[in-house]
Amino acid sequence: MDFFIKYLLSILIFFPLASVVLLLFINKKNEGLLRNLASILSLVEFIFSVYLFVYFKPDTYKFQFVEKLNWISTFGASYFLGIDGVSLFLILLTTLLTFVSLISSYRYIKDHIKEFVILMLTLETFMIGTFASLDVLLFYLFWEFMLIPMYFIIGMWGTGRRVYSAVKFVLYTLSGSLIMLFGLIYIFILHYDQTGNFTFNILRLYNTHIPINLQILLFIALFLGFAIKIPVFPFHTWLPDAHTEAPTAGSVILAGVLLKFGVYGFFRFAMPLLPAATLMLAPLVIIIGVIGVLYGALVSMVQKDLKRLVAFSSVSHMGFIMLGLFAMSAISVDGSILQLLNHGITTGALFLFVGMLYERAHTRQIADFGGIAKKAPILTTLFMISVLASIGLPGLNGFVGEFLILIGSFNHYMLLTIIATSGIIFAAVYLLWMFQRVMFQGITNPQIESFQDMDLREIITVLPLILLMFLIGFYPAPFLERIDPTVVHFLSMISRHGYVHNLIKLKMGLSNA
Amino acid sequence: MSINGYLIVAGIIFCIGMLGVLMRKNLIVIFMSLELMFNAANLGFVAVSNYLNLIDGDIFVIFVMVVAAAEAAIALGIAVAFYREKGTVDIDKAQELKL
Amino acid sequence: MLDISQVYNINFLEEGMLSVIPEAIVIIFAFIVLFLTFFEKLSKSDNPYYLSLISIGFSMLYILMLSGRTIDGFYGSIVFNRFSVFLFIGILFSGFLTILMSKNYIDNFEVPLPEYYSLILFGVASMMLLVSSNNLIMVFLSIEFMSITAYILTGYLKGNLRSTEAALKYFVLGTFASAFLIFGSVFIYAATGHLNLYNIHFFIVNIASKGLVNFGDIKIYLAIGLILFLVGLAFKMSLFPFHSWTPDAYDGAPTPVTNFMATGVKIAAFAIFLRIFSLIYNFNIMDFNNILWMLAILSMSFGNIAALMSSNIKRLLAYSSIAQAGYILVGIIGGGYYGYSGTLFYLLAYVFMTAGAFAVVIIFENFDLMSLDIKKYSGIGYKYPIVAAAMTFFLLSLAGIPVTSGFMGKFYVFSAAIKSRYNLLVLIAFINSAFAAFYYIKIIVRMYMPDKEELIASLNGVQRGGMSGGSDQGKPSGDFGIVNGKINEELMIVIFICLFFTLLMGIYPQLFINFAHNSISSLWNI
């Protein structure tokens, strides 16, 4: 058991990969076995990841479950893993959503099952690796290769313009990543120039002294990489396409986990590495975030396609998270991180429901639905809960996150926060409107007449997510108490450079907008 | 006395050869121009070698001549193969590989 | 270390002879293979093929026994050191993979076999001579040796117009480049009075330390000579303004030979350039880094744009090799231990990823022009899962996506250039590699995500009919049918070797980095 706990992160990373090797040996015609085995293995993986939560010491910001091995000593790159309160929950979210999306696709994915489960599990390895690595080169390795399985999932099992969307997704994120890599290498070289040692250890790179002008340029480079992944407003155009055309499982992982990487990247790399630039450019980033909130909300209102609507609502939500993160008060950052989880859970659930509707009616057009409530009460109820969670109804998870973000940022950015709040109102409008048109009203589409309610498998799929919505909504303490020390430490790392902030503000006459 | 003069003459011959390769259409003439370029270098080597009172340059010249002979053999072989298929040695007729 | 001279009791020989033993083995075997022609029975079977493989193995063995030593041979004309060991291994691998690929390919043509294999062996030997040569005469001779074998191999398909034409173009431009090379040597000789690279190096270091200003004529001669020499080598490295032979020669040559040119010729040319650059160019004669800077950017931009527009896979790989040459050049520009070892690492990685890609091309090549069109790759991901998966990794490696050697190589050379503060260059290189990903991904799209009609055509052939091909439901129909691949053991061995090294160098590159570092240290160990 000691061994198990000590190397838990490695086990978590490589267990899916080992599963892939196992699955490779199963005949591709044996589809039932492939699906069941993959689901069971991903469930086992989730159970393993629960051990992380159990053995995680909540009262420290220090990295836990640390593993360190030499990897490429020439570059000072090592196999350096560790998690803090933030990555803990993101890993849990990843394992949970992988399991959920695997069992959600029993009906949706009909051909090439073997390739599908292999790609999903490979993707899981790389996602967990990205969250767990504390070495920049290792992080980048996981980060960029992750694109490839996702690209195949969108391109091979997507609908409509799947190839176009998949290629667009890869090229957008790849371009951003490469610019980001440029920035990361530059910091690595700067560190070498100052200390004479090559290292990719993020904890040591934090100590690099970078002149303010350079910090701004590097921040822009990293910003491009992370912002495209999030995606922040002007870089979001890949997202609706990829989300819409991806299969349900792909959308769930994309919205639930992949979008988190951008924010995680800011949290772990861009902001602590370049604190002065962060403090200086925070207002700009927040303005971009708030534009994203409004833009996402407004565009969602006019969507006719269910999936596109949910996709654009993600743009809006991610704008909110950026607001909280860059407001840089302890409460708002706590809220942002919690909201990351909430968004993963809620939007994941929404995509699952959209997928179920699509599997039954073979359409995603809102106008084609109507009157489902009578045919499928369970689906309607659970869908309602998810929609309300996404809107931010008190008692559900969305409320806690948004509330924390709003209080946290109100002091610093009063006007922008008020504007962002209108995003919540818009969210209520478009989500409830959509819900009303899909679930109630009369039945117009003959397909709906034979609409079946959720079966047991589908209830199992969404149940963990629904339970989490209530859990976080009513009792967020176990989450916040683990996130908070990390966040406080994160802010202390940035505010060491606080004096620069004030100086610049004086010079530029920037008031707290 | 300087060797500038010799090198300038060699340079001029080299340029003539170069222009020949670039502007002529007939394969045989192109091969001749290539030989001219090689020989310009030979001239330079002999001149420098004499000027510096060293022998390496002269040795180089012998090697260049041998190599040039080998090249000529290959060149004519390729030219013959080309002629058999195209019935001409006009290099502009070599247009199979344009896509 | 095992002392060869004692084992074989060759004390009466000059020790310098040891420096060419690896090449000599290959050359002797090349002659043996060539003489097989006289014996009809022997030459008809697979003997030439096996003999060639054995010779590569022997040579490799000798290199491993000699490695670590530095031997000057033939009055300093040839230097055997760790630098050449690294490149020997790359070149021998390139030759080995080429021979494996050729086995079934060349049988499709009515051409003599022993000569073919012996030419490949001569090519390997010439490249090995090139990377260990230390004298301008030797450089010229081995470049010519290498080029002549390459010309003949390119035009080897007798009666095939494309092959002949490729040889013709390659010959004219290659010889043109050689002329620049020797004319450059004239000026270098005129300036320094030496042909030995070390002597030239010492001469230049000497006058550079005194300040070049007072050496008017010498400086001008040296500048002219070095520029002409650079032009000659740039042709061989297929850098942008001197690339024009590349697509045609790569396209028309038999595909294994294309692979040989893309891997062997390229690393040999880059290696000798790296050697000469580090010994001679890198002093304040004039700012060569700026010239290389332009060449690198032009090569990668041109290569990528042209590759994007080509639909013939061999031409696409040819243009991509021009772009790759640009990336490799970034390492040389970066300079120092870091940059040069990065260049070596990239070259070795490049051998495996390119050879793998060409092996896959051979599988699906039907000896007509259309079979090279990337449209023909539609749906092979379903019919040939292993080959397609391997191809995906090779393409990802060429695109520089992590867990492959291509990423590590790019990371290595680009970070070296950033270390020397060539920020703009690296930024452009990064943008280029993002751009390049597009056409590599285009092929992956073809393989795994064909259009609906193409998919149906492919499914007819595969799923409903069963994998074994005993299909009664009809064949792949229409223009986009799935190509029938000719998979054979040799090609699968090539693919597995390449895949193994591509992934190993991408995941745990430390071994190769150490090796490259060691090799570079001997570059200045004069």
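This is a predicted model: local features need pLDDT of at least 70, side-chain atom pairs count only at pLDDT 80 or more; totals for chains, interfaces and linings use all residues.
How do α2(A) and α3(A) run relative to each other, roughly parallel or roughly antiparallel?

1. Helix α2 of chain A covers residues 8-24, and helix α3 of chain A covers residues 31-55. Their axes come within 10 Å and cross at roughly 175°. Angles over 145 degrees count as roughly antiparallel, and α2(A) and α3(A) are therefore roughly antiparallel to each other.

2. On the α2(A) side, the residues that meet α3(A) include A:Leu8, A:Ile11, A:Phe15 and A:Leu23. Among their counterparts in α3(A) are A:Leu34, A:Leu41, A:Phe48 and A:Leu52. By class, the contact of α2(A) with α3(A) has 13 nonpolar residues, two polar and one charged. A:Glu45 of α3(A) is one of the residues in this contact.

3. Between chain C and chain A, 23 residues of chain C are in contact with 25 residues of chain A. On the chain C side, two or more residues each come from α18 (405-419), α19 (423-448) and α22 (510-521). The largest share, 10 residues, is that of α19(C). This side of chain C has 18 nonpolar residues, four polar and one charged.

4. Chain C also touches chain B, with 33 residues from chain C and 35 residues from chain B. Here the elements of chain C that give two or more residues are α7 (136-154), α8 (161-192) and α11 (245-252). α8(C) gives the largest share, 18 residues. The classes on this side of chain C are 19 nonpolar, seven polar and seven charged.

Conventions. Residues are numbered from 1 along each chain as its sequence is written. Chains are lettered from A and ligands numbered from 1 in the order in which they are written. Two residues are in contact if their C-beta atoms, placed from the backbone, lie within 7 Å. Helices (H or I, at least four residues) and strands (E, at least two) are DSSP runs, numbered from the N terminus. Ala, Val, Leu, Ile, Met, Phe, Trp, Tyr, Cys and Pro count as nonpolar, Asp, Glu, Lys and Arg as charged, and the others, Gly among them, as polar. Axes are lines fitted to C-alpha atoms, for helices over the stretch in contact, and angles run from 0 to 180 degrees between N-to-C directions. Angles under 35 degrees count as roughly parallel, over 145 as roughly antiparallel, 65 to 115 as roughly perpendicular and the rest as oblique.
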